[in-house]
Amino acid sequence: MEAITYRVAESERDRSAVIKGEFSSDTVFEVVDSGGGFSIRPIRLDLPVHKVFPDDEPEGDEASAGERRFVALDGDRVCGYVDTEYEPWNRRLVIADIEVAGPYQGRGIGRTLMSHAIEWARACGAGHVWLEVTNINAPAIRAYQRMGFTFCGLDTSLYSGTESEGETALFMSRFLD
């Protein structure tokens, strides 16, 4: 393996690279209705869960001016990417997707990609970075928390009618200084 390099996606190959998202976890973050609100708590599972995300992204969408992809390359192979979209109306940079190929996980690639996204957010004038994650993806939630993200909301119906039925969408944000 060569040293990993990072850059803005330049070619169609960079922009169209797809890494199948998947994870295993021995923990889920349970959402509990506490009467006047909700609480979120980690719950250890007896048996780990393994999830492979379905391929449900729309085909052929053209990138808008506010969208940018950063890629991690091993030689000329895309081994990770982060897709972002800046929303000027509320000065929010959305992390639309972040993926690191299995053999490259645990090497800081996701953290480095996120740092490029955060630099882009600052360059755009964003006040915060925002993302959505399923409550069963404890490895990602913990990684986002280590990167300074905190819970800012949830949606118990976002995944209704999908292969992720029964999961809860957790929203996390990181305010920029």
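Phe 149 lies in the loop between α3 and β8. This is a predicted model. The protein averages a pLDDT of 90, and 93% of the residues score at least 70. Seven strands form an open sheet with mixed pairing. The largest nonpolar core holds 41 residues.

**Phe 149 and its surroundings**

- Phe 149 counts as buried because its relative accessibility is 2%, and buried means under 20%.
- Leaving out residues up to four places away in sequence, Phe 149 touches Met 114, Val 129, Leu 131, Tyr 144, Met 172, Ser 173 and Arg 174.
- Phe 149 and Val 129 are 20 residues apart in sequence. Their C-alpha atoms are 8.4 Å apart in space.

- The edge strands are β1 (4–8) and β8 (150–155), and each pairs on one side only.
- On average, neighbouring strands of this sheet are turned by 25° against each other, direction ignored.
- β4 and β5 pair in the antiparallel sense, over eight bridges. Leu 73 stands opposite Val 78 in β5.
- In a regular strand, side chains alternate between the two faces of the sheet.

**Helices against the sheet**

- α2 packs on the sheet and touches β1, β4, β5, β6, β7 and β9. The direction of α2 makes about 160° with that of β6.
- α3 lies across β6, β7, β8 and β9. It runs at about 165° to β7.
- Buried residues in α3 are Ala 138, Ala 140, Ile 141, Ala 143 and Tyr 144.
- Those buried residues of α3 pack against β2, β6, α2, β7, β8 and β9.

**The nonpolar cores**

- In the largest nonpolar core, Leu 93, Ile 95, Met 114 and Tyr 144 touch the most other members.
- The elements that give two or more residues to this core are β4 (67–74), β5, β6 (92–100), α2 (109–124), β7 (128–134), α3 (138–146) and β9 (169–175).
- α2 gives the most to this core, with seven residues.
- Another core lies apart from it and has five residues, among them Val 94, Tyr 159, Ala 169 and Phe 171.
- Met 114 is in contact with Ile 95, Ile 98, Leu 131, Tyr 144, Met 147 and Phe 149, leaving aside its neighbours within four places in sequence.

- Thr 84 is in strand β5 (residues 77–87). It counts as buried because its relative accessible area is 3%, and the cut-off for buried is under 20%.
- The side chain of Thr 84 reaches the backbone oxygen of Arg 68 at 2.8 Å.
- Beyond four places in sequence, Thr 84 touches Gly 66, Glu 67, Arg 68, Leu 93, Val 94, Ile 95, Ala 96, Ala 117 and Trp 120.
- Ser 173 is in strand β9. At 5% relative accessibility, Ser 173 is also buried.
- Not counting residues up to four places away in sequence, Ser 173 touches His 128, Val 129, Trp 130, Gly 148, Phe 149, Thr 150 and Cys 152.

- Strand β2 (residues 22–33) and strand β3 (residues 38–52) pair in the antiparallel sense over 11 bridges.
- Glu 30 has Arg 41 in β3 as its bridge partner.
- Four residues lie between the strands of this hairpin. Here Gly 35 takes a positive phi near 85°.
- Val 49 is in strand β3. Val 49 counts as partly exposed because its relative accessible area is 26%, which falls between the 20% and 50% cut-offs.
- Apart from residues up to four places away in sequence, Val 49 touches Phe 23, Ser 24, Ser 25 and Ile 136.
- Val 49 and Arg 142 are 93 residues apart in sequence and 16 Å apart in space, C-alpha to C-alpha.

**Confidence by element**

- Among the elements of the protein, helix α1 (residues 12–16) has the lowest mean pLDDT, at 87.
- β7 has the highest mean pLDDT, at 98.

How values were computed. Residues are numbered from 1 along each chain as its sequence is written. This is a predicted model: local features need pLDDT of at least 70, side-chain atom pairs count only at pLDDT 80 or more; totals for chains, interfaces and linings use all residues. Side-chain values use heavy atoms; hydrogens and water are left out. Buried means under 20% relative accessible area, exposed over 50%, partly exposed in between (1.4 Å probe, protein chains only). A polar contact is a pair of N or O atoms within 3.5 Å; within protein, one must be able to donate a hydrogen and the other to accept it, and residues adjacent in sequence count only if both atoms are side-chain atoms. Contact means heavy atoms within 4.5 Å. A nonpolar core is a set of buried Ala, Val, Leu, Ile, Met, Phe, Trp, Tyr and Cys residues joined through side-chain atoms within 4.5 Å. Two strands pair if DSSP finds at least two bridges between them. Axes are lines fitted to C-alpha atoms, for helices over the stretch in contact, and angles run from 0 to 180 degrees between N-to-C directions. pLDDT is the predictor's confidence in each residue, from 0 to 100.
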